[in-house]
Amino acid sequence: METATAIQSPFGTCIRPSNKTGSGRYHNRSIAFATVLNKQGFPSFSHPRVGLRSVSFQSQKKRSVIRASSSFDSTGPSAPIAPLQLESPIGQFLSQILISHPHLVPAAVDQQLEQLQTDRDAEKQNEEPSAASTDLVLYKRIAEVKANERKKALEEILYALLVQKFMDANISLIPSVTRSPPTWPHEDDKLELLHSPEALEMIQSHLALILGNRVGDSTSVAEISKLRVGQVYAASVMYGYFVKRVDQRFQLEKTTRILPEGLDRENDNIQLQAAGDERVPQTHPEVTSWAELPNSGPALKSSRLRNYVMSFDGESLQRYATIRSKEAVSIIEKHTEALFGRPEIVITPEGRVDSSKDEVIKISFGGLRRLVLEAVTFGSFLWDVESYVDSRYHFVAS
């Protein structure tokens with residue numbers, strides 16, 4: 001299997017799947033943000049015209065059936081609940097349940113994962129035609145199509161679980177980013193409560209790095225390149241994924257009382273280490289060159305979790321900064337493009353990015369803070385649902 005790590009991309013998030021060789025080196029091939037929106041051109045969940053009248057989930061273990069009846073408004077779709085619209089049969093099935101009975105999503109997901117596992121096992125048991133057979137090419141093509149269908153279904157299962165976690169927290173995902181100043185609901189407090197105190201300290205440092213001396217300014221409006229806002233959003237998703245991953249290990253070691261000594265001691269050189277130690281994963285490299293926003297804000301503060309991360313060796317740090325599955329990489333790409341649209345990237349003959357066609361949007365610093373907090377939480381939830389699904393249908397590289 002492949003994993004993915006961070007490199008430069010159109011949205012600045014550096015995503016690259018990696019194959020590790022026996023010598024310990026990684027051979028990479030880059031993945032750009034290139035996602036085709038749905039055929040109707042609407043990158044969002046929306047209420048279908050015809051509702052699901054009866055939904056059944058049957059588990060082989062419990063031998064029980066859960067039925068849910070629903071009645072959708074036949075007059076037309078209503079407000080989207082997420083930027084990305086699910087297209088596969090499984091994805092559309094889960095999107096209907098998200099709208100009508102979101103509490104049944106885990107049961108539906110377990111059933112679909114069980115079926116995916118059955119299909120995968122059955123395919124492995126099928127005998128491959130001999131090399132001399134004329135059916136070999138057709139056999140391989142059919143197997144490839146089925147594998148791609150399973151991969152798409154798996155991505156949309158992950159995304160549906162992500163959306164459900166936001167719904168459980170009573171937080172609305174931002175539907176889209178437009179030119180006009182946004183009027184998103186103020187849910188910063190709800191988003192912050194979803195993280196541990198130690199993780200929140202690192203997230204606050206991330207916000208300070210992005211907003212600079214405008215951290216406390218929620219009303220001033222700035223004109224900013226939409227591409228650069230998209231870069232920061234996607235990078236913040238990966239930062240949230242990384243923070244949740246290391247925080248999970250930190251909380252476990254704290255509970256079992258095996259944390260390294262000295263984590264509570266103030267490290268006077270923490271800012272220097274965070275800025276200059278090449279072992280530290282550069283999860284948001286574009287932030288320091290974000291010309292539209294001030295970057296002379298408060299210095300990064302020392303925290304227990306940050307000191308804990310600084311105690312990692314280089315190999316461990318690289319592993320924790322790596323996105324584990326291609327499916328998670330694809331979700332970040334598709335969600336970001338659904339939210340911001342596909343950027344028009346023009347490369348000059350000198351090899352530079354031509355920013356003359358960048359769309360400029362108006363956004364308050366409070367709105368930008370809301371975007372970053374949502375992105376970090378999205379990444380944190382992505383780690384959670386990836387782990388949950390992998391425990392039932394193994395797809396993450398070891």
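**Exercise 1. How many aromatic pairs does the structure hold?**

Before you count, remember that this is a predicted model, where local features need pLDDT of at least 70, side-chain atom pairs count only at pLDDT 80 or more, and totals for chains, interfaces and linings use all residues. Residues are numbered from 1 along each chain as its sequence is written, and side-chain values use heavy atoms, with hydrogens and water left out.

Step 1. Planes under 30 degrees apart count as stacked, over 60 as edge-to-face and the rest as tilted.

Step 2. Count them up: there are eight aromatic pairs.

Step 3. Pick one to look at. Tyr 159 and Phe 378 sit 6.3 Å apart, centre to centre, with 55° between their planes, and that makes the pair tilted.

Step 4. Find the helices. Tyr 159 belongs to helix α3 (residues 136–168) and Phe 378 to helix α11 (residues 365–390), so this pair ties together parts that are 219 residues apart in sequence. Helices here are DSSP runs (H or I, at least four residues), strands are too (E, at least two), and both are numbered from the N terminus.

**Exercise 2. Work out whether Tyr 159 and Phe 378 are buried or exposed.**

Step 1. Recall the cut-offs: buried is under 20% relative accessible area, exposed is over 50%, and partly exposed is in between (1.4 Å probe, protein chains only).

Step 2. Compare. Tyr 159 has a relative accessible area of 1%, so it is buried. Phe 378 also comes out at 1%, so it is buried.

Step 3. Zoom out. Ring pairs join Tyr 159, Phe 166, Phe 378 and Phe 381 into a cluster. Lys 165 lies over the face of Phe 381, 4.8 Å from the ring centre; for this, NZ of Lys or CZ of Arg has to be within 6 Å of the ring centre and within 35 degrees of the ring normal.

**Exercise 3. Describe how helices α2 and α3 pack.**

Step 1. Take the geometry: α2 (residues 105–125) and α3 pack at an angle of about 165°, and their axes are 11 Å apart. Axes are lines fitted to C-alpha atoms, for helices over the stretch in contact, and angles run from 0 to 180 degrees between N-to-C directions.

Step 2. Name the arrangement. Angles under 35 degrees count as roughly parallel, over 145 as roughly antiparallel, 65 to 115 as roughly perpendicular and the rest as oblique. The two helices are therefore roughly antiparallel to each other.

Step 3. List some residues in the contact (heavy atoms within 4.5 Å). Among them are Leu 113 and Leu 116 of α2, and Leu 154 and Ile 157 of α3.

Note on methods: Rings of Phe, Tyr and Trp (its six-membered ring) pair if their centres lie within 6.5 Å; planes under 30 degrees apart count as stacked, over 60 as edge-to-face and the rest as tilted.
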